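Please read the following structure together with its sequence.

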Amino acid sequence: MSQAVGPFANLDESALRALAPHGAVRSFPKNAVVVNEGDETDSLYILLSGRVKAFVSEADGREVVLSTVGVGDYFGELVLDGGPRSASIMTLEPCRFFVIPRSDIEGLLDRNPAFARHLIRMLIGKVRSLTQRVLDLALRDVYGRFAKFIEENAIERDGARVVPERLTQADIAARIGGSREMVSRIVKDLTAGGYISVDAKQITVHKRLPPHW
């Protein structure tokens with residue numbers, strides 16, 4: 001999921017322009033690809049409104065979602081080494097960004113220690129997250145990853161436990177590193193057993209999921 005709220009969360013556009021004078025505001029509609037994996041990394045994106053996902057994909061269209069990013073957070077930190085983009089970014093809803101070119105990043109790091117510290121913590125967090133993801137893929141089957149996803153994302157709402165984000169089975173498959181067909185079978189069996197229900201793409205958890213499928 002998204003990182004903790006970043007150092008730009010409470011800054012408006014004028015404050016951001018003061019920090020990065022060559023920055024510009026850009027808007028994208030829902031389901032637009034903002035950057036592509038492999039593109040030149042030439043800028044840092046701060047999310048002013050909306051939400052995006054970071055993902056990697058295969059030529060056959062299969063994808064794995066690495067994280068989601070919300071308002072006040074940013075992506076494109078690999079601009080520091082000038083290497084290619086390591087993942088693609090797609091909007092999950094209409095979004096506005098403040099885009100900082102690479103030429104402004106060094107000065108931003110020098111003048112804004114809070115940003116530099118947050119960037120270091122975020123990179124450390126990504127290393128830990130990717131390490132855990134490798135362990136999950138190696139040691140858990142698809143059902144185990146599905147159950148963990150539900151456990152980590154379900155919240156209490158109006159006396160019920162729900163996954164607040166409305167996701168298709170393909171979305172869930174991309175989040176947990178499985179196939180849509182396998183997720184469909186798991187959801188069907190858990191629904192039949194009264195463990196969960198799905199209404200308008202929202203999952204409600206009625207009782208603790210079984211340890212094995």
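Q: What conventions apply to the model?
A: The model is predicted; local features need pLDDT of at least 70, side-chain atom pairs count only at pLDDT 80 or more, and totals for chains, interfaces and linings use all residues. Residues are numbered from 1 along each chain as its sequence is written, and side-chain values use heavy atoms, with hydrogens and water left out.

Q: At what angle do helix α2 and helix α3 pack?
A: Two packed helices are described by the angle between their axes and the distance between the axes. Here α2 (residues 102-111) and α3 (residues 113-139) pack at about 105°, with axes 5 Å apart. The two helices are therefore roughly perpendicular (a term for angles of 65 to 115 degrees). Axes are lines fitted to C-alpha atoms, for helices over the stretch in contact, and angles run from 0 to 180 degrees between N-to-C directions. Helices (H or I, at least four residues) and strands (E, at least two) are DSSP runs, numbered from the N terminus.

Q: Which residues make the contact of α2 with α3?
A: Leu 108, Leu 109 and Arg 111 of α2 meet Pro 113, Phe 115, Ala 116 and Leu 119 of α3, where contact means heavy atoms within 4.5 Å. These residues divide into six nonpolar, no polar and one charged. Ala, Val, Leu, Ile, Met, Phe, Trp, Tyr, Cys and Pro count as nonpolar, Asp, Glu, Lys and Arg as charged, and the others, Gly among them, as polar.

Q: What is the order of strands in the open sheet of four strands?
A: Strands of a sheet pair through backbone hydrogen bonds, either parallel or antiparallel. In this sheet the order is β1-β8-β3-β6, with antiparallel pairing; two strands pair if DSSP finds at least two bridges between them. The edge strands, β1 (24-28) and β6, each pair on one side only. Five bridges join β1 to β8 (residues 95-101), and Ala 24 stands opposite Val 99. Helix α2 lies across β3 (43-49) and β8, at about 80° to β8.

Q: Which residue takes a positive phi in the hairpin of β11 and β12?
A: Ala 200 does, with phi near 55°, in a hairpin with two residues between the strands. Strands β11 (residues 196-199) and β12 (residues 202-205) pair in the antiparallel sense over four bridges; Val 198 has Ile 203 as its bridge partner.

Q: Which helix supplies the largest share of the lining of the largest pocket?
A: Helix α3 does, with ten residues. By class, the lining has 18 nonpolar, ten polar and eleven charged residues.

Conventions
Parallel < 35°, antiparallel > 145°, perpendicular 65-115°, else oblique.
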